[in-house]
Amino acid sequence: MPTQALSLQQVSDRIRQKAREMGFGAVGFAPAHASAYGDAYARWIAEGMHGEMAYLAREDAVAKRREPAVLVPGARSAVVVAMEYFNADADPAVPGDPSRGIVARYARNHDYHDLMKERLIALQDWINTELLPVRGRAYVDTGAVLERELASRAGLGWFGRNTMLIQPRRGSYWFLGTILLDAELAYDAPFARDHCGTCAACVSACPTGALLGRDEAGAPRMDARRCISYLTIELRGPIPRDLRPMIGNRIYGCDICQEVCPWNRFATPSSEEAFLAREGLDGPSLIEWMTMTQEEFSARFKGSPIKRAKRRGLLRNVAVALGNWGSPEAVPALAIALHDEEPLVRGHAAWALGRIGTEAARQALRGREEVEQDAWVREEIAVGLGEG
Ligand code: B12
Ligand code: SF4
Ligand code: SF4
């Protein structure tokens with residue numbers, strides 16, 4: 001039964017305590033009023049910076065981001081949680097070894113969406129039965145919610161120049177989640193300071209130039225179309241040729257602008273077992289992954305965020321990384337991939353073989369040229385042979 005006569009502060013305190021018991025390392029409360037940055041968001045979309053992520057640009061989705069009460073009618077407050085997922089590289093040699101792929105830390109084991117959403121729904125049920133009758137909805141990543149803005153409004157941190165929500169002395173390797181509720185709560189003070197100061201390490205370190213610094217208003221800007229995370233996860237089609245060499249051996253997501261951030265020196269390993277790297281995901285052999293079958297892909301990535309890219313997206317990325325390695329050792333695996341049933345895989349394998357450029361690589365390309373029907377793959381083969 002809901003407890004009677006608790007003050008708003010007591011209600012917030014008890015929710016915070018319960019959320020912490022459920023494994024959320026940081027919890028804050030914010031009023032669910034209109035976004036202060038709705039215009040900035042709409043400008044970002046109008047400039048096309050979201051690329052092919054059409055779900056961000058739908059008119060109704062923009063309106064919901066501007067005004068949480070359009071998303072959840074009657075929404076008055078937001079419970080914002082953060083969950084740490086950092087784990088150090090098991091083998092520190094991996095990032096510098098071009099024969100192995102780097103999977104972003106967030107994707108090395110369980111999908112955080114499922115895990116956090118389940119707990120947020122349980123938290124909302126608990127509030128409803130133990131504290132006060134509430135209606136609302138839980139969101140993790142995929143809803144039309146400006147999660148970083150709500151987190152900063154709930155006092156959790158500031159928008160770094162790398163666009164990440166950074167918590168002082170805790171860093172940015174934190175997932176965010178939100179419950180929008182139709183009840184008032186006692187709120188935390190919004191996070192007011194920008195602790196980036198004169199640092200711009202992330203902007204200089206970004207290999208593709210996706211980070212554009214802050215605009216006149218102070219908003220951190222990113223061109224998602226150039227971000228490796230977008231190119232290796234969200235983009236469904238071919239990776240633009242001019243960007244491929246800049247991706248190095250990042251085969252799923254990217255953490256570079258977080259790795260260089262001085263605030264992540266404070267990152268401590270997550271206590272969630274679900275975020276410990278799965279066997280084989282901390283620096284996989286690119287050659288081995290290049291020939292992964294659909295059955296192997298489905299078994300290996302059950303419950304993992306990597307299934308989002310599908311086999312063809314992942315193998316596209318692996319081919320690019322092999323091309324960037326440039327070693328003749330990769331030719332046999334790429335020659336097999338050149339006959340893959342997916343044109344996306346064949347085309348990127350052709351590009352990689354062109355980068356390697358040995359006689360064996362060129363022979364494989366010429367062999368495929370004789371039978372290839374797909375116009376785009378033919379173009380990639382021509383480029384690989386230096387004829388494009
Ligand atoms: C689309 C998206 C992406 C896109 C675009 C990223 C981007 N920077 O916009 C891509 C695919 C590139 C991406 C990559 C990653 N993502 Co992402 N992504 C999202 C998603 C779904 C929407 C973000 C969005 O709306 N972007 C548009 C911009 C304009 O909005 P914004 O980032 O919130 O920016 C705000 C500020 O600019 C501010 N603002 C405006 N004017 C002003 C003025 C001033 C003075 C100030 C201070 C601020 C300010 O208002 C904006 C709107 O709130 C969110 C989840 C969500 N629902 O919010 C996750 C989310 C941001 N992603 C997340 C993660 C973990 C990642 C990756 C680390 C994954 C990886 N390792 O590969 C990378 C990090 C890359 C990076 N540097 O951002 C986490 C971030 C957690 C955190 N601590 O910040 C989120 C919150 C998901 C989650 N629930 O945990 N992502
Ligand atoms: S995630 Fe990587 S590519 Fe994207 S902005 Fe950060 S450093 Fe650049
Ligand atoms: S690297 Fe420097 S500029 Fe970039 S987010 Fe971190 S502190 Fe801010």
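Me: Which backbone sits 3.0 Å from a nitrogen atom of ligand 1?
Reply: That's C254: one of its polar backbone atoms is 3.0 Å from a ligand 1 nitrogen. Bear in mind that this is a predicted model.

Me: OK. What does V145 do around ligand 1?
Reply: V145 also uses its backbone, with a polar atom 2.9 Å from a nitrogen atom of ligand 1.

Me: And R148, what part of it faces a ligand 1 nitrogen?
Reply: The side chain there: a polar side-chain atom of R148 lies 3.0 Å from a nitrogen atom of ligand 1.

Me: Which elements give two or more residues to that shell?
Reply: On the helix side they are α2 (38–46), α6 (147–153), α8 (228–234) and α9 (256–259). The strands are β7 (174–181) and β9 (220–222).

Me: How many residues surround ligand 1, and which are the closest?
Reply: There are 40 of them, with E147, N162, T163, L165 and S229 the closest.

Me: Switching to ligand 2. Who's around it?
Reply: Four cysteines are not the whole story, but C206, C227, C254 and C257 are among them.
Reply: None: the count is ten nonpolar, one polar and no charged.

Me: Zooming out, how many helices and strands does the protein have?
Reply: It has 16 helices and ten strands.

Me: Why does the radius of gyration agree with a compact globule?
Reply: Because a compact globule of 388 residues would come out near 21 Å, and the protein has 23 Å. For the box, the C-alpha atoms fill roughly 80 × 45 × 40 Å along the principal axes.

Me: What share of the residues is buried?
Reply: Buried residues make up 52% of the 388. As for surface, the protein exposes about 17,000 Å², with carbon and sulfur atoms supplying 52% of that.

Me: Last one: what share of the contacts joins residues at least 24 apart?
Reply: It's 74%, counted among contacts between residues at least 6 apart in sequence.

Note on methods
Residues numbered from 1 in each chain as written. Chains lettered and ligands numbered in written order. Predicted model: local features only at pLDDT ≥ 70, side-chain atom pairs only at ≥ 80, totals over all residues. Heavy atoms only, no water. Near = heavy atom within 4 Å. Polar contact = N/O pair within 3.5 Å; in protein donor to acceptor, adjacent residues only side chain to side chain. Helix = DSSP H or I, 4+ residues; strand = E, 2+ residues; numbered from the N terminus. Rg over C-alpha atoms; globule rule 2.2 N^0.38 Å. Buried < 20%, exposed > 50% of the residue type's maximum accessible area, 1.4 Å probe, protein only. Contact = heavy atoms within 4.5 Å. Areas by Shrake-Rupley, 256 points an atom, 1.4 Å probe, with all protein chains shown as cover. Nonpolar A, V, L, I, M, F, W, Y, C, P; charged D, E, K, R; others polar.
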